[in-house]
Amino acid sequence: MKEYILFDHDGVLVDTEFWYYKAGERALADVGLTLDKDQYLRDMNQGLGTWTQARAAGIDEQTISRQRVARDDYYQEYLRKEAIEIEGVVEALAELSKYVRMAIVTTAKRRDFEVIHEKRQMRQFMDFVLVREDYKLAKPHPEPYLTGLKRFGATKEETLVVEDSARGLNSAVAAGIDCAIVYNDFTKSHDFSQASHRIEALIELKDIVRHVN
C-alpha cells in the first residue's frame, strides 16, 4: 500500500493551465506578438514557457520583464473570475484522506496559490503545501518531490506522485517515486511512457493506494 500522495496542483487539482496560457497570450498581444499555442505546449514540455517565443521574435529583455508583470496580473484576474474547478476533486480528496496522508508540490507561485485557495476546500486535506518559492530547482528536476518526501519523512516506495505533465512526471521519475498521470486535455500529447499508472479521475487513486505493493 501507498501511505503518502504528493499532488501536483495546476491541471490536477484545479483547471488553470489554459488560463496561464491565455494570460501569456494576452501579454504578448500587448506588444504585437501572437503566441503560438502548439509551440507554447512544446516549450512548456521542456520546462520553457511564454518568453521563449518572445525572445525568438526579437523582443528585448526589458519589454519581456514588463510583460511578465502584465502576464502575472492577467493570470490573477483569470484566477479570480473564471471557473477552474475540476469536478469530483474535493470528494476524491475526502475519500483518499481515509487511507493516505497528502500534500501538494507545485510550481505555482505563492501569491497565485493563495488566490486560488481563498475560498476552496482542498487545503484541509493536505499536511502541507510546497510552492515555487519553497525549493531552488523546479520540475523536471527531482528537488521538488525529494523535498516533499523529506517533509513527510516518507520513503520513495511508500509514496505516490500525481501529475498531468511530462515535466512533472520526469521530476517524479528522477526522484525515484511512482507516478500516476491524470488525464488533462491540455497535456494529452505529452510522453507519459514512464508513468506507473494512467487515470481519468482522482477517485481512481483509491484502488491504486490500497492495492499497490
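Contact here means heavy atoms within 4.5 Å. By that rule, the cover over the buried residues of helix 7 includes strand 1 (4–7), strand 2, strand 3, strand 4 (159–163) and helix 8 (166–175). The model is predicted. A search of the whole structure finds 17 salt bridges, and the count of aromatic pairs comes to nine.

**Strands 2 and 3**

- Strand 2 (residues 101–105) and strand 3 run parallel, joined by three bridges.
- Isoleucine 104 has valine 129 of strand 3 as its bridge partner.
- Helix 6 (residues 110–116) sits between the two strands in a right-handed β-α-β unit: strand 2, helix 6, strand 3.
- Strand 3 spans residues 126–130, and four of its five residues are buried, so the rest of the structure largely encloses this strand.

**Helix 7**

- Helix 7 covers residues 143–152, with Pro144, Tyr145, Gly148, Leu149 and Phe152 buried.
- Viewed down the helix axis, these buried residues fall within an arc of 140°, so they line one face of helix 7.
- Lys150 and Arg151 are exposed on the other side of the helix.

- Glutamate 85 pairs with arginine 120 in a salt bridge, and their closest N and O atoms are 2.6 Å apart.
- This pair links distant parts of the chain, 35 residues apart: glutamate 85 is in the loop between helix 4 (61–81) and helix 5 (89–96), and arginine 120 is in the loop between helix 6 and strand 3.
- Glutamate 85 counts as partly exposed at 47% relative accessibility, and arginine 120 is also partly exposed, at 22%.
- Arginine 123 and glutamate 114 form a salt bridge through their side chains, at 3.0 Å from N to O.
- Arginine 123 has a relative accessible area of 35% and is partly exposed; glutamate 114, at 34%, is partly exposed as well.

**A buried salt bridge and its network**

- Glutamate 163 and lysine 139 meet through their side chains in a salt bridge of 2.8 Å, N to O.
- Glutamate 163 is in strand 4 and lysine 139 is in the loop between strand 3 and helix 7, so the pair ties together parts 24 residues apart in sequence.
- Burial is defined as under 20% relative accessible area. Glutamate 163 is buried at 0%, and lysine 139 is buried at 5%.

**Aromatic pairs**

- Among the nine aromatic pairs, phenylalanine 18 and phenylalanine 186 have ring centres 6.5 Å apart and planes at 85°, so they are edge-to-face.
- Phenylalanine 18 lies in helix 1 (residues 17–29) and phenylalanine 186 in the loop between strand 5 (178–182) and strand 6 (197–199), so this pair ties together parts 168 residues apart in sequence.
- Phenylalanine 18 is partly exposed at 32% relative accessibility, whereas phenylalanine 186 is buried at 13%.
- Tyrosine 20 and tyrosine 75 also pair edge-to-face, 4.9 Å centre to centre with 85° between the planes.
- Tyrosine 20 belongs to helix 1 and tyrosine 75 to helix 4, so the pair ties together parts 55 residues apart in sequence.
- Tyrosine 20 is partly exposed at 22% relative accessibility, while tyrosine 75 is buried at 4%.
- One aromatic cluster is formed by Phe18, Trp19, Tyr21, Tyr40, Tyr78 and Phe186.

Terms used. Residues are numbered from 1 along each chain as its sequence is written. This is a predicted model: local features need pLDDT of at least 70, side-chain atom pairs count only at pLDDT 80 or more; totals for chains, interfaces and linings use all residues. Side-chain values use heavy atoms; hydrogens and water are left out. Buried means under 20% relative accessible area, exposed over 50%, partly exposed in between (1.4 Å probe, protein chains only). Two strands pair if DSSP finds at least two bridges between them. A crossover is right-handed if, with the strands pointing away from the viewer, the path from the first strand over the helix to the second runs clockwise. The arc is that of the directions from the helix axis to the C-beta atoms. A salt bridge is a side-chain nitrogen of Lys or Arg within 4 Å of a carboxyl oxygen of Asp or Glu. Rings of Phe, Tyr and Trp (its six-membered ring) pair if their centres lie within 6.5 Å; planes under 30 degrees apart count as stacked, over 60 as edge-to-face and the rest as tilted.
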